[in-house]
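This report covers helix packing, a chain interface and a domain boundary. The structure is shown first.

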Amino acid sequence: MADLAPQIPAPGALHPLNEAMIRGRHTENVTVGEEIIRHRLLSRVIHWSVALFFFLALFTGLPIWTPIFGWMAHLFGGLAVCRWLHPWVGILFFAGSAAMFFHWVKEMKLQPNDRAWLGPKLWKYLSYAEEDPEVGKYNGGQKLFFFTVGLGALGVLLSGVVLWFPLSFSQLLRELSLVLHDVTFILFAVAVIAHIYLGTAAEPGTFESMTRGTVSKRWARLHHPRWYREVTGEESRRR
Amino acid sequence: MPSQNLEIRQSSASLRGQGSGLRHLPNVSKYIDTSTCIGCKACEVACQEWNDLRVVHTQQLGSYQTMPSLDADFWNLIKFNELEIDGNLAWLMRKDQCMHCSDPGCLRACPAPGAIVQYENGIVDVNPEQCIGCGLCETGCPFDVPRFSAKTGKMAKCTLCVDRVEVGLEPACIKSCPTGCLHFGTKDAMLALAGERVDQLKGNGFANAAVYDPSGVGGTSVITVLAHGDHPEWYGLARDPQVPASVRFARSILRPLGLIAIFGAIAGVFGHFMGFGPKRPPPEGPGPPKSSAKT
């Protein structure tokens, strides 16, 4: 650092970020320079597959739900195309969600204090009033979102199959599915809006964890102190 | 094909601007007298012919009914029921087709704008060009009338021969009836006719004779005289048909609530961003990360 001579990198040496990304193809939860690999390539591919199918299902489903979003149908060639495409995209979405569920479920095991995130703790977190030094790789809110997505995917799948082939099911099941599909998707949409916001604008540095797979040490220390200590072996500044 | 000449009163999946209300037309109605129907099936044939529908194979059901239920290519079916009532044998025949409800459940449930329309004269019609073949109309209909056609991928049902009615002709089924048990006219005229017939039936010993014009769906544009009006189920008619509560709930409550929730969530995250801003790690240096919250 104090050396004033121009630093010429050794041949073949990589920028730490490039090195992190190469290692991130197979490994995560390790430090590379000032970066920590948070999501290895497989995790990111699964996440974006689910996101892609979610939005395809959303944009083909919204115009069927209400004429307010009728214009979205034109993106796919009309409402009849949406009616045909939506179930197939939905199947892909469910398949992706199921893969994602089993990929992450071990890390998402709810700890006793995670349940507090359903209560005032969530607001303390959102109002920046309190940081919990015991937050590991995922905080309680993220875990709850994870299980919401899992349950939601199952809900839209089961009701969606009935709506796909209405004539093969009883009147009662068809009516239940109509309501369940709407309720599940509304909860889903609201949760995803919060998810996107927290993953982008609200917490700078978070989005990169899902693109190039790495976060800065400072980011990790703020948002996931226990994970930071585990990964780096360092003591977090606090405690 | 939807009528080009009749004004639309309401249309599926449309929020505003469905009809101008400029031209006022009286509600029309079919009149069906089950007590004088002889089950000749002329109306079935006339319906098939006028509407150019494909041939549907009949089925031997051991009764005088042509097939078990309506079909995407068979919009008018004489339902047959054999009963012993007070020691007498009764053959109950009822012409089954779309009832053309004032408050149509199919139209409420339909997600495709303009696929199901109700004209100013009360006729409920389908527009195959707009139909997306989702089948929700079958869930919404309390009379089990709309039929999905796997051949066309569209829903089909009786149009009340709107193409004939709009040029001043009566529907094909009415035209073909040899006993005069079918009539067509304004709903008021048909209700008056039905009232007379009910009185006649009462005089002939059918004390419970009644007109079937169910109020749960706002009345229908097909009214049916039943000699045994206290037992509509004997004729295969629901006692008190309603648009399913789930369809009403999904469309009238869940949809607006969902829109409020979704746009509310978007407003909420903008509000949060303006009120709290992005959460950044505190500047490098000693001190607990907690201190950033106090500034």
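## Packing of H6(A) and H7(B)

H6(A) and helix H7 (residues 245-276) of chain B pack at an angle of about 0°, and their axes lie 9 Å apart. Axes here are lines fitted to C-alpha atoms, for helices over the stretch in contact, with angles running from 0 to 180 degrees between N-to-C directions. H6(A) and H7(B) are therefore roughly parallel to each other (angles under 35 degrees count as roughly parallel, over 145 as roughly antiparallel, 65 to 115 as roughly perpendicular and the rest as oblique). Helices are DSSP runs (H or I, at least four residues), numbered from the N terminus.

On the H6(A) side, the residues that meet H7(B) include A:Leu178, A:Val179, A:Ile186, A:Val190 and A:Tyr197. Among their counterparts in H7(B) are B:Phe249, B:Leu254, B:Gly258, B:Ile262 and B:Val269. By class, this contact of H6(A) with H7(B) has 18 nonpolar, two polar and two charged residues. Ala, Val, Leu, Ile, Met, Phe, Trp, Tyr, Cys and Pro count as nonpolar, Asp, Glu, Lys and Arg as charged, and the others, Gly among them, as polar.

## Model and numbering

This is a predicted model, in which local features need pLDDT of at least 70, side-chain atom pairs count only at pLDDT 80 or more, and totals for chains, interfaces and linings use all residues. Residues are numbered from 1 along each chain as its sequence is written, while chains are lettered from A and ligands numbered from 1 in the order in which they are written.

## Interface of chains A and B

The contact takes 37 residues from chain A and 38 from chain B (two residues are in contact if their C-beta atoms, placed from the backbone, lie within 7 Å). On the side of chain A, the elements giving two or more residues are H3, H6 and helix H8 (217-223). H6(A) supplies the largest share of that side, 13 residues. The class count for the chain A side is 23 nonpolar, four polar and 10 charged residues.

## Domains of chain A

An automatic or database domain assignment gives chain A domain 1 (41-104) and domain 2 (113-239). Their centres, taken over C-alpha atoms, are 18 Å apart. In the contact between them, 11 residues of domain 1 face 11 residues of domain 2. Helix H2 (41-65) and helix H3 (79-104) of chain A each give two or more residues to the domain 1 side, and H3(A) gives the most, with seven.
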